[in-house]
Amino acid sequence: MSPIAEVEGRRIALKNLDKVIHPATGTTKGELLHYLASTAEPLLGHLRGRPLAFLRYPDGPDGQRFFTKNPPPGTPSWVTTAEVTRHEGETARQVLVQDLPSLMWAANLVVEFHAPMWRVDAGVGVADRLVFDLDPGPPATIVDCRAVAVWLRERLRADGLTAYAKTSGSKGLHLLVPVAPTASRQTTAYARRLAQEAARAMPDLVVRKMTRSLRPGKVYVDFSQNAAAKTTAAPYTPRARPEPAVSTPVTWEEVEECRDPAELSFLIDDIPGRLDRHGDLLAPLLDLAGARPLPTAAGPGDDFEDEDESEGEGEGEGDDEGAGR
């Protein structure tokens, strides 16, 4: 019989706690749940109000992996869901992880948490964050992302915006920017423009298209995850990797001084100490008073769409490549 945990008055049947989920380190499901419980405060801050996609990997990273945006079968009635408008006016319900019981229920399914750049209380596609996913094409590594990240930080600063960095928990870096409420089509267009500028400024390092033949040894600046339908790995989420890697907020000093990919690789055991030292480095994203509007050129009717180019799928639903970044 599965042990029953009572979490803030909610009863959750926890299953297979001794099952090894991350084979490289022998990390069990129970250890994974303990990590999420101990990191709940900052993690929940970045999940609340955002309809989530789950990348489920119940048998570890070498087993079946699948994205779901719909509430899984057996979702308890006390887990909050919201009706979300998707493609062509179609609506569907998605899970909101609002509290510790919901977090532990979802963690029991063994998931990565993927969140959009908008909250349901603002409306679908009204973004309060902007994201760049810097994805190095081998033999490039996260070390090669440094110069691109710093260039984008300074370019954003010139427009009055502040960028914060986190590891993807896989190969690359994510830059997150708090913005005043803005339509996702406009944040996407603005991010596309900066990706184009980065490619022109650093043609030997940056590629702005997902075309595989262009990517070896370069950093792909993926702006497409700003689209309303897309999601990105949330801060502090574990990733479906052989080791229990975490998408981890980092300081700009850590980014600038990185000379080896291992220096920006963090596992679940690293996070409590980092929180003790730094607190939540992405806490400014939660302060609406610190959000700034996009440049005035990005007003209604001006979407910066000065080139027609194919976009990558990012880390959204059903894209296993993006999920591994």
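In which sense do strand E5 and strand E9 (residues 111-115) pair, and over how many bridges?

Guide: First, the ground rules. This is a predicted model, with residues numbered from 1 along each chain as its sequence is written. Local features need pLDDT of at least 70, side-chain atom pairs count only at pLDDT 80 or more, totals for chains, interfaces and linings use all residues, and side-chain values use heavy atoms, with hydrogens and water left out.

Now the strand. E5 and E9 pair in the antiparallel sense, over four bridges. Strands (E, at least two residues) and helices (H or I, at least four) are DSSP runs, numbered from the N terminus. Two strands pair if DSSP finds at least two bridges between them.

Three bridges join E5 to E6, and the two run antiparallel. Here Arg 56 stands opposite Phe 66.

Which way do the side chains of E5 (residues 53-56) point? Ala 53 and Leu 55 point one way, Phe 54 and Arg 56 the other. In a regular strand the side chains alternate between the two faces of the sheet. All four E5 residues are buried. Buried means under 20% relative accessible area, exposed means over 50%, and partly exposed lies in between (1.4 Å probe, protein chains only).

Next, a hairpin. Strand E1 (residues 4-7) and strand E2 (residues 10-13) run antiparallel, joined by four bridges. Val 7 has Arg 10 as its bridge partner in E2. Two residues lie between E1 and E2 in this hairpin. Glu 8 sits in the turn, with a positive phi of about 50°.

Elsewhere, six strands form an open sheet with mixed pairing, in the order E13-E14-E10-E12-E11-E16. Its edge strands are E13 (206-207) and E16 (249-250), each pairing on one side only. E13 runs parallel to strand E14 (residues 219-222), with two bridges joining them. Val 206 stands opposite Val 219 there.

Helix H4 (residues 142-158) lies across E10 (126-136), E11 (164-167), E12 (173-183), E13 and E14. H4 runs at about 145° to E10. Contact means heavy atoms within 4.5 Å. Axes are lines fitted to C-alpha atoms, for helices over the stretch in contact, and angles run from 0 to 180 degrees between N-to-C directions.

Now the charged pairs. The structure holds 14 salt bridges. A salt bridge is a side-chain nitrogen of Lys or Arg within 4 Å of a carboxyl oxygen of Asp or Glu. Arg 153, Glu 154, Arg 157 and Glu 256 are linked in a network of them.

Arg 274 bridges to Glu 254, with the closest N and O atoms 2.8 Å apart. Arg 274 lies in helix H7 (residues 271-278) and Glu 254 in helix H6 (residues 252-257), so this pair ties together parts that are 20 residues apart in sequence. Arg 274 is buried, at 6% relative accessible area. Glu 254 is partly exposed, at 23%.

Asp 121 and Arg 119 meet in another salt bridge, at 3.1 Å from N to O. Asp 121 is exposed, at 58% relative accessibility, while Arg 119 is partly exposed, at 25%. Arg 241 and Glu 243 also pair, at 4.0 Å from N to O. Arg 241 is partly exposed at 26%, and Glu 243 is partly exposed at 24%.

What about cysteines? A search of the whole structure finds zero disulfides. A disulfide is a pair of cysteine sulfur atoms within 2.5 Å. The sulfur of Cys 145 is 9.3 Å from the closest cysteine sulfur, that of Cys 258, which is too far for a bond. Cys 145 is buried, at 0% relative accessible area. Cys 258 is likewise buried, at 0%.

One last residue. Tyr 190 lies in helix H5 (residues 184-201) and is buried, at 1% relative accessibility. Its side chain joins that of Asp 159 in a polar contact of 2.7 Å. A polar contact is a pair of N or O atoms within 3.5 Å; within protein, one must be able to donate a hydrogen and the other to accept it, and residues adjacent in sequence count only if both atoms are side-chain atoms. The C-alpha atoms of Tyr 190 and Val 110 are separated by 35 Å, the two residues being 80 apart along the chain.
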